[in-house]
Amino acid sequence: VLIVAGPDVDARIELMKLLSSEFAMEAAGSSKEIAAKFEKTGFPYHYYEMERTATPLNDLKTRKNLEALLAKVRPDLVHTFDTKPCVWGRIAAAKVGIPAIMGTITGLGTLFTDTDIKTRIIRLLYTPLQKKACGVSHATVFYNHDDMDDFIRMGVVPPKTASVIPGSGVQTERFSVDKFTQEEQDKLRTEIGIQPDEIVVTMITRVFRAKGVMEYVETANRLKQTHPKVRLVLVGGLDTDVLDRLTDT
């Protein structure tokens, strides 16, 4: 099984560990820096070049890179994640004759919700490509029923190959308060200006509009008026490569 994703394919290492007793797991991603993580865990890792910006030339290169990679590795099953790999990875897999192909669409994001002219143009180009990718797949997985129903309604994905798995899950023990001493907790609260009696709600994400950060900020401003002891904290770095990145306007 070859998992194909973008620069954060290492987020699937825990999934690969769970499946490794039954399948020989490998991964392909667009970051050279994460290769050491796979080497440490014993999973083969394959780098391919992919630009995050969506242009015809860049996308053609991505598809060709994936075709060459898949023709070399020859996995029995390709499972794709993330927007561009989920499209070009599945199309490339079909091109080189991979026996089983599937993709996970984690969310439709602003590409299918925003109505500005730029987004609509990109949507017109993206939707037929996604339809082709879904058409050559043996399974397309969604994280929620609304996205699946929208894709079925638009004729993008065949109903018989669509299914819902509600989220990838979170290893909550990693965030257990028991991992930190009271002194460490107090120090962190002091560093970011949180009072001992304040309740903290945290959002951890790459910061751009599709992640809902603007709605989160709006919620924080509303709660400040009615629940002054609740503090909402946003943790994450600005993603400046995506179309819906935050700007000064």
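Phe142 and Phe151 are both buried in this model, which is predicted. Their ring centres lie 5.5 Å apart and their planes meet at 80 degrees, so the pair is edge-to-face, given that planes over 60 degrees apart are classed in that way. A search of the whole structure finds 2 aromatic pairs, and another of these pairings, between Phe38 and Tyr45, is stacked, with 4.8 Å from centre to centre and 10 degrees between the planes. Phe38 is buried, with a relative accessible area of 0%, and Tyr45, at 15% relative accessibility, also counts as buried because the limit is under 20%.

In soluble globular proteins, nonpolar side chains tend to be buried together. Here the largest nonpolar core has 19 residues, of which Val4, Tyr48, Leu70 and Ile98 touch the most other members. At least two residues of this core come from each of β1 (2-4), α3 (56-73), α4 (83-95) and α5 (117-135), and α4 gives the most, with 5 residues. Val4, when neighbours within four places in sequence are left aside, is in contact with Ala28, Tyr48, Leu66, Val78, His79, Thr80, Phe81 and Pro85. Phe81 belongs to a second, separate core of 12 residues, which also includes Ile3, Ile34 and Phe38.

Conventions. Residues are numbered from 1 along each chain as its sequence is written. This is a predicted model: local features need pLDDT of at least 70, side-chain atom pairs count only at pLDDT 80 or more; totals for chains, interfaces and linings use all residues. Side-chain values use heavy atoms; hydrogens and water are left out. A nonpolar core is a set of buried Ala, Val, Leu, Ile, Met, Phe, Trp, Tyr and Cys residues joined through side-chain atoms within 4.5 Å. Buried means under 20% relative accessible area, exposed over 50%, partly exposed in between (1.4 Å probe, protein chains only). Helices (H or I, at least four residues) and strands (E, at least two) are DSSP runs, numbered from the N terminus. Contact means heavy atoms within 4.5 Å. Rings of Phe, Tyr and Trp (its six-membered ring) pair if their centres lie within 6.5 Å; planes under 30 degrees apart count as stacked, over 60 as edge-to-face and the rest as tilted.
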